[in-house]
6 protein chains.
Amino acid sequence: MITRPFDEISVGDAWSGRGRTITETDVVSFCYLTGNWLEIHSNVEVAAATSYGQRLVQGSLTFSLIPGLVAWDHRYVVAFYGVDRLRFLRPVFIGDTVHPELRVVETTPKDDDRGVVALAVEVRNQRDEVVQAGVFKLLVRRGSLPLCDTAAAVGTTDPRTEGCTDG
Amino acid sequence: MITRPFDEISVGDAWSGRGRTITETDVVSFCYLTGNWLEIHSNVEVAAATSYGQRLVQGSLTFSLIPGLVAWDHRYVVAFYGVDRLRFLRPVFIGDTVHPELRVVETTPKDDDRGVVALAVEVRNQRDEVVQAGVFKLLVRRGSLPLCDTAAAVGTTDPRTEGCTDG
Amino acid sequence: MITRPFDEISVGDAWSGRGRTITETDVVSFCYLTGNWLEIHSNVEVAAATSYGQRLVQGSLTFSLIPGLVAWDHRYVVAFYGVDRLRFLRPVFIGDTVHPELRVVETTPKDDDRGVVALAVEVRNQRDEVVQAGVFKLLVRRGSLPLCDTAAAVGTTDPRTEGCTDG
Amino acid sequence: MITRPFDEISVGDAWSGRGRTITETDVVSFCYLTGNWLEIHSNVEVAAATSYGQRLVQGSLTFSLIPGLVAWDHRYVVAFYGVDRLRFLRPVFIGDTVHPELRVVETTPKDDDRGVVALAVEVRNQRDEVVQAGVFKLLVRRGSLPLCDTAAAVGTTDPRTEGCTDG
Amino acid sequence: MITRPFDEISVGDAWSGRGRTITETDVVSFCYLTGNWLEIHSNVEVAAATSYGQRLVQGSLTFSLIPGLVAWDHRYVVAFYGVDRLRFLRPVFIGDTVHPELRVVETTPKDDDRGVVALAVEVRNQRDEVVQAGVFKLLVRRGSLPLCDTAAAVGTTDPRTEGCTDG
Amino acid sequence: MITRPFDEISVGDAWSGRGRTITETDVVSFCYLTGNWLEIHSNVEVAAATSYGQRLVQGSLTFSLIPGLVAWDHRYVVAFYGVDRLRFLRPVFIGDTVHPELRVVETTPKDDDRGVVALAVEVRNQRDEVVQAGVFKLLVRRGSLPLCDTAAAVGTTDPRTEGCTDG
């Protein structure tokens, strides 16, 4: 996603993320973690009686998965500090496979060291329908980094960092 | 939270939610579920070298916990369909105890059956600092419901539904 | 469930709890947590060869779910201190949806501050069959509480506490 | 535990189980699984203000761990069908190490094939205090089994079954 | 598995382990724990387009399950210190039931107290196909132990230790 | 890790992976998942009495984490099919932070489409001690790929694929 300093990022830059199938295990684990057991997510009988006819994936689960489906280069991303106009647009069902698409919609210098990047995010399902949309606000570092200078340089597929080791 | 039909809800109505301590287990489980292993959340050595000096709780974890910390009466709440201007304002650390506070900031009739309720949400920690804020958008049913008419009437502490049983 | 002080509770008072579908994730997670991997719960081949023809949900899992399916008002419930004559009456299978029903069967004053409430608990499945039954013993506070006096007043749907906030 | 047919079991037979430290992960995972978030288990601030001064382990968690801490030979144990007079006697705290002790208190033939064995169970902590007690009711097979006749013969440390393989 | 001291173990001794069905919950939980989300394990659409036509169980998950499917007597097993020539031979799919088979292939005295036991391990599925094979290297104690001398004597089905209690 | 076709990989190529702190939650979750509850991993009292003085992280947990700590480009990695001479060299304790280092030690063409790459893997802790070592065997594709041709091109930090989208 953000793999360059702020000043090399332009409005219109775009990335797609990896796909992931949302399983029953994910939905149940999200009930576990959040303690939110609304029956539309957790009761097959109640869900069958709704217009959906089945359990829904939680909107905040789909939202929470987005950052893990893209590569973050935290040498550049200083902070993920907010979300604007997040909308849960279509139902997501157990077994759907979703992936995010991101596009830079605004870049605003903040100070000598950092700038704000606004990313329009869409989550699409296996039928290419947009199920969720919103705008992520990131604080991004200005100025490029020496290669191999931090642990952050490892564990990526960035060819510029191949050969970097810890010692 | 929303325990009345749309027309009985007014701007200024407010609720507080239950508190919950965010444990290391929660932070690690959220890394598990999301696949987002940014080292500020998952690497004690890296986190110790930052200005925070320790691992941070994920902003989207704190956000995801909110609905489970308040009581939802899904006889009235038709859908939680979006979030506006969500901001991660202060760091949350492992061991902090957070609770949400909610206040109605706008009510907009949508059609004969439903209206939109906008709730300003603040998450506060054990020092009463606001760590996260945003606006939740809910679709809420109009018109009151006969008591004891659905399974939804049970499992609450609403005294009006005491005595309701399934048979 | 218990949403009143001891002296306002009478034999015959009854409540029903929310329903929850017991998923494969729940059964496997309970094997995880307990370390009890009896093959009737964890081996599809062995289970298929029994008279049940499929894996069984653990009796102690169904039992453990009961308190989470009813609302507890811990301003009144001092302690859940025991269970009498718990019986696992019918098999529960993956995909079954269960809910508890509770009825006060005995109230015994203990001292000036507390009394014992015995609740007959039945867990019923989606075919309204009783799959588990027992008696829960609770210690309950006497005397009513001022509203809004504790954090416990929040996060419920009790209309008497609406408007209560932490500050 | 039960590693012999019904007719070779006598009142007074006794076993101890393996010890296990109950971790914060266990307590949080049990909140996850059960959806029961009583603040005495999940809110450090609320728990600190009680006479315990800290979070309590859930009584039903400790109960649920018992069967996983003893060896069950399911060639003999037909069913674990009930529990009598289960009492949560002392608080269990995060970090405590518990193990069960079991003693046969009653044997009742039921029919030609099976008998009922009642086991008095005590769970003890690292200070040898009894924290939980109750009586487990098991249905146990009569008549001994040929060795090596089922998959059940494997995966145990019973020396009589060493050498048993599946083919 | 190893339930005797080193000098009573001979090349050719063999054991089988308990079977376990590998569920979707197991595969997803292993993605959770490891942070390895290769799409062949986590994306139904991508997996459907491969020659397998479905998601694969992770080889290191199947490997990790082996020790939990056999009984270890840790009064004798000093350490599990290595694995030789581990091979993932056939795909394992969600719903397959696997069990391990182990055979002593080498015994090497190391010093007066301990010897090395090499165990050839095969994991077989419900069609008796070998899906994984390797050699486990264990360090095993020499000399027999007095019965009932340690907590390790309890919690097993070894009839020689029946009657052992902690006090 | 492997981010190039087989013929561009040479003996001596090296990568380091991301670091991760192994938490109590990880150790307990691995007991959960594997059902292996050896007391050196799960009983604080027993572990305190050993020469280590505390619980050990499971060797197979540390092994299982390796693939998730490096970036895999599955457009090139056809299969991870085996491990040679895996050795658990030093104890890993709860709270240790580990990362893997990988070095190509052998490349063997297999057919026109694929070759075998042998990677020497070392896992190091926060004191730069090698705690685990072994050799991973991978089957790697020959011939380069057109950019942007598959979903695999997205979700990486490889600058050559920036701008690739699904449509």
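**Figure 1. Polar contacts between chain A and chain C.** In this predicted model, 6 residue pairs are in polar contact between chain A and chain C, both residues at pLDDT 80 or more. A polar contact is a pair of N or O atoms within 3.5 Å; within protein, one must be able to donate a hydrogen and the other to accept it, and residues adjacent in sequence count only if both atoms are side-chain atoms. Salt bridges between chain A and chain C number 0. The term salt bridge stands for a side-chain nitrogen of Lys or Arg within 4 Å of a carboxyl oxygen of Asp or Glu. Residues are numbered from 1 along each chain as its sequence is written, chains are lettered from A and ligands numbered from 1 in the order in which they are written, and side-chain values use heavy atoms, with hydrogens and water left out. Because this is a predicted model, local features need pLDDT of at least 70 and side-chain atom pairs count only at pLDDT 80 or more, while totals for chains, interfaces and linings use all residues.

**Figure 2. The side of chain A that touches chain C.** Here 11 residues of chain A are in contact with 11 residues of chain C (contact means heavy atoms within 4.5 Å). About 940 Å² is buried between the two chains, 49% of it on carbon and sulfur atoms. Buried area is the accessible area (1.4 Å probe) that two parts lose on being put together, summed over both. In chain A, Y32(A), W37(A) and E45(A) lose the most area to chain C, together 43% of what that side buries. The elements of chain A that give two or more residues to this side are α1 (24-34), α2 (39-42) and α3 (44-48). Helices (H or I, at least four residues) and strands (E, at least two) are DSSP runs, numbered from the N terminus. α1(A) gives the most, with 4 residues.

**Figure 3. The axis relating chain A and chain C.** A rotation of 120° with 0.0 Å of shift along its axis superposes chain A on chain C, with an RMSD of 0.0 Å. That is the relation of a three-fold axis. Copies are superposed by least squares on the C-alpha atoms of residues with pLDDT of at least 70 in both. In chain A, the C-alpha nearest the axis belongs to T25(A), 3.2 Å from it. The copies use different surfaces: 18% of the contact residues of chain A recur in chain C.

**Figure 4. Salt bridges within chains.** The whole structure has 66 salt bridges over all chains. In chain B, R4(B) pairs with D13(B), the closest N and O atoms being 2.9 Å apart. Both R4(B) and D13(B) are buried. Buried means under 20% relative accessible area, exposed over 50%, partly exposed in between (1.4 Å probe, protein chains only). In chain C, R114(C) and D111(C) form a salt bridge at 2.8 Å, N to O. R114(C) is partly exposed at 28% relative accessibility, and D111(C) is partly exposed at 29%.

**Figure 5. A salt bridge between two strands of chain F.** K137(F) forms a salt bridge with D84(F), the closest N and O atoms being 3.5 Å apart. K137(F) lies in strand β6 (residues 130-141) and D84(F) in strand β3 (residues 77-88), 53 residues apart. Both K137(F) and D84(F) are buried.

**Figure 6. Helix α1 of chain F.** In helix α1 (residues 24-34) of chain F, 11 of the 11 residues are buried, so the helix is largely enclosed by the rest of the structure. Among them are F30(F), C31(F) and Y32(F). Just after α1(F), G35(F) takes a positive phi of about 70°.
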